[in-house]
Amino acid sequence: MPTIAKVAVNDATIHFDKLYSYLVPAELCGRLWPGGIVLVPFGRSDKPRMAVVLQLAEESDPDPRLKTLLAAAPEDARLTPDLLELVRFLKDRYFCTWYEAVKAIIPYGAQYCPGVEDGKPVVRGRLTRPLETVYTLVGELPAKPKPGPRQQAAVELLQNGPMTRRALEDQGVGRTTLDALCKKGVLRAEERLKSLDLFADIPFDPQPIELSPEQQTAFAQLSEDLDAHQPRAALLYGVTGSGKTAVFLKLIERTLAQGRRALVLVPEIGLTPQMIRRLKATFGSRLAVQHSALNNTERLLQWRMIQQGNADIVVGTRSAIFAPLKDIGLIILDEEQEHTYQSESSPRYSAHEVAKKRAAAENALLVFASATPRIETTYAARAGRMRLVTLRERYGGRPLPTVEFADMRAEMTAGNPREVSARLAGELAENLRRGEQSILLLNRRGYNTVAMCADCGQVVKCPNCSVPLVYHKNRQALMCHHCGHMVHPAPTRCPECGGKLLYSGFGTQRVEEELHQLLPTARILRMDQDSTGQKNAHETMLTKFGRQEYDILLGTQMVAKGLDFEKVTLVGVLGIDSLLFGQGFRAYESVFSLITQVVGRGGRAELPGRALIQTAVPEHPVLQLAARQDYPAFYQEEISFRRLSLYPPFCALCVVGFTGAQEGAVFTAASRFGRILADLASRHPDLPLRMLGPVPMNILMLGGRYRYKLTLKCRNDAQFRALLRAALDAYAAEKLPGKASVVIDFNSDGDL
Ligand code: ADP
Ligand code: ZN
């Protein structure tokens, strides 16, 4: 009986993401599985496209018009049943296409694309397989003709075991020498799949971990859930410096002892070096990493290592939640409040939700950890939907840093033109004198934020995006932080009226200059996206700061989190007000968390810490609570606000975004969609739904496209998603002129 494969193709739109049927040719029978990656002829021109097989069926009498599959990728490209289940989950939850879900799960280097060989369509790996040549000693070096010193050196080196060509070349043994020795039968050369130890320099050095009594209690509670071999979730809420990492290490140890594996997620790659270091030192080489700072080859090799069962622990950022790890017993989301756990491109998934799904499938324990958990997470824990485990004290009984404010209104009145207040400058000087280190958080990169015309008052904006351009001193250019548009050299005259441009506002580069003027002897390290472009830049910088080669670490959010340096006793926070008055229902939560996190970087060892927050509104309740580092009080305030104003966790917030080249058409499309949805919803009065908009998004234009949104306050269940799907279908069926593309996001903070 002929076999029929039902597949989903690459580059579909959400409206046309159907399953298409193809005949399986005889030579591929038995070589296809659900989750297999195949090449199919698609559309009128039969252009080859990649596709994923979702179902296979035998049919006695198939439709004679069916086309035949062209080729299939090898078995190791196949999605295992667990991963295929995740594809279904992503598709259902996040309104992406099947193939977008596949591409989120399989890293670029392990993906396949259409190719041609001998005029025939074939599948081709995105990366050629990274191979390396390995030499092994297989014979004696003949005495005649007398071997040269290089040949002798090569044989000497290989006495201790096989070596790669790279390693031999590093020792001064070249290719000609090696070729000659192979010819003589002294050496054998073999091509091997490159293996790579990303952390070869980190010694295996397991230290016994003695938990404090409080840590021990937390560990014992979590162990109960781990040992249950049931889907469980817990929130480990522990103040900064309470030693959550020590509890993780113990839990991982226990998981491995049970013959299971652990997945550890961290929000940013900047935090990974310290975490990797600890894990590697404790657990050795069966550790794999998955994050975007790896190049495609490194990432592929690490992924294969996991796929082949050679890793027991995986550490990585958001997408590591899709690691092909089997027998997972423990999943940790460290600093779970971070927004980087939400994907901002399709599939717009939340690592929290995917982690829950995986923990359920694997009977694993899922641990969310934070000093400032998301309001939703704490709410769920307090409602008894997961275990709440608390670490109230810093490890070693050290006090939390004291926090004070520098009132920027007073600074202004006193005539200080700088961004660094006199008070902060004084504290920095004091630290310098004492040989202690300081961390300054400034939530904005670049030099001067904007260029404004003195005559017409216009701010110079990006031509593609409705945002101001930012001055970058080292490039002498104005740059768009969204699309990368650059104006070089930075103009002095207004492009609108020719008036003189004033550069005002501030950024990390500007503050760095001020610091150099104020403290000429201070060694200052600036860490932001501009200075950390190079690979390993983060780790190198942090290592140097840790070795006290610098006095002040100045940076954007990336300095706020996870760092643990004993000599840091002063933390300064600059430019927090713009976040406080920012949009989005999580603005207060972000400010509270950011301040608590960065303040927590100080006074972690013997020396007590202090923090200074620069603000024009020191009396603001959120700043006051953050200064006291009183998360429970903040939670009370915030949860009543969320209840009163109807925000998560009391509803789901779904943003439906519309984008297109013409503003009028985008607005019309958004309005039309809103009406369709309202009509459909009126037939389901039992479904709670409030719709707001359409209104322009916070940034009206981005990359030349206009943007509008509808905001839905709803209950995110299967019934509501079915309704939304019906609305999308009806919208797609309408012949609207200049129809806009639609994006659905259930995890935004109110904007896209
Ligand atoms: P958190 O992540 O909760 O902010 P860390 O895990 O970074 O805190 O721990 C804070 C500091 O205390 C670190 O320097 C860590 O090495 C130390 N520490 C915590 N627990 C222990 C322990 N059980 N034994 C030794 N040192 C510990
Ligand atoms: Zn732009």
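This is a guided tour of a predicted model, stop by stop, with what to select at each one.

**Domains**

Domain 1 covers 3-125, and domain 2 covers 131-193. Domain 3 runs over 213-396. Domain 4 comes in two segments, 402-447 and 506-642. Domain 5 takes 652-745.

**The zinc site**

Select ligand 2, the zinc ion, together with Cys 462, Cys 465, Cys 480 and Cys 483. The SG atoms of these four cysteines coordinate the metal, at 2.2 to 2.4 Å. Which geometry do the 4 donor atoms give the site? The site is tetrahedral, with angles of 107 to 111° among the donors. For reference, the ideal angle for four tetrahedral donors is 109.5 degrees. Along the chain, the donors of the zinc ion are spaced as C-x2-C-x14-C-x2-C.

Keep Cys 465 and Cys 483 selected. This pair links distant parts of the chain, 18 residues apart. Cys 465 sits in the loop between strand 21 (450-453) and strand 22 (470-472). Cys 483 sits in the loop between strand 23 (477-479) and strand 24 (486-487). Switch to a surface coloured by accessibility. Cys 465 has a relative accessible area of 1%, so it is buried. Cys 483 has 34% and is partly exposed.

Next, select Gln 476, in the loop between strand 22 and strand 23. Gln 476 is not a glycine, yet its phi is positive, about 50°. Its relative accessible area is 40%, so it counts as partly exposed.

Move on to His 488 and Pro 489. Is the peptide bond between them cis or trans? The bond is cis, with omega near -5°. Pro 489 belongs to the loop between strand 24 and strand 25 (501-504).

Jump to Gly 693 and Pro 694. A cis peptide bond joins these two residues as well, with omega about 5°. Here the proline is in a strand: Pro 694 lies in strand 31, residues 689-702.

**The largest cavity**

Run a cavity search over the whole structure. How many cavities of 30 Å³ or more are there? The search finds 3. The largest has a volume of about 90 Å³. To show its lining, select Asn 10, Ile 37, Met 50, Ala 77, Tyr 99, Val 102, Lys 103, Ile 106, Ala 110, Gln 111, Tyr 112 and Arg 126. Colour these residues by class. The lining has 8 nonpolar, 2 polar and 2 charged residues. Which element gives the most to this lining? The answer is helix 2 (residues 98-105), with 3 residues.

Stay with helix 2 and step back to Phe 95. Phe 95 lies in the loop between helix 1 (81-94) and helix 2. Phe 95 has a positive phi of about 55°, although it is not a glycine. Its relative accessibility is 7%, so Phe 95 counts as buried.

**The second largest cavity**

Now select Tyr 237, Val 239, Thr 240, Ala 371, Leu 400, Thr 596, Gln 629 and Tyr 631. They line the second largest cavity, which has a volume of about 70 Å³. By class, this lining has 5 nonpolar and 3 polar residues, and no charged ones. Why does the cavity lie between domain 3 and domain 4? Both domains give residues to its lining, so it lies between them.

**Two long distances**

Finish with two C-alpha pairs. Select Arg 304 in helix 9 (residues 296-307). At 7% relative accessibility, Arg 304 is under the 20% cut-off, so it counts as buried. Draw a distance line from Arg 304 to Ala 454. Their C-alpha atoms are separated by 58 Å, and the two residues are 150 apart along the chain.

Then select Glu 419, in the loop between helix 12 (408-413) and helix 13 (422-434). Glu 419 has a relative accessibility of 18% and also counts as buried.

Definitions and conventions: Residues are numbered from 1 along each chain as its sequence is written. Chains are lettered from A and ligands numbered from 1 in the order in which they are written. This is a predicted model: local features need pLDDT of at least 70, side-chain atom pairs count only at pLDDT 80 or more; totals for chains, interfaces and linings use all residues. Side-chain values use heavy atoms; hydrogens and water are left out. On a 1 Å grid over the protein atoms alone, a cavity is a set of points where a 1.4 Å probe fits but cannot get out, and a pocket is an open set with protein on both sides within 12 Å along at least five of seven lines; lining residues have an atom within 4 Å of a point. Grid points are joined across faces, edges and corners, and a volume is the space filled by probe spheres set on the points. Helices (H or I, at least four residues) and strands (E, at least two) are DSSP runs, numbered from the N terminus. Ala, Val, Leu, Ile, Met, Phe, Trp, Tyr, Cys and Pro count as nonpolar, Asp, Glu, Lys and Arg as charged, and the others, Gly among them, as polar. Domain bounds come from an automatic or database domain assignment. Donors are N, O and S atoms within 2.8 Å of the metal (3.2 Å for Na, K and Ca); water is not among the atoms, so sites may look incomplete. Four donors count as tetrahedral if all angles lie between 85 and 135 degrees; four count as square planar and six as octahedral if opposite donors are over 155 degrees apart and all others between 65 and 115; anything else is irregular. Buried means under 20% relative accessible area, exposed over 50%, partly exposed in between (1.4 Å probe, protein chains only).
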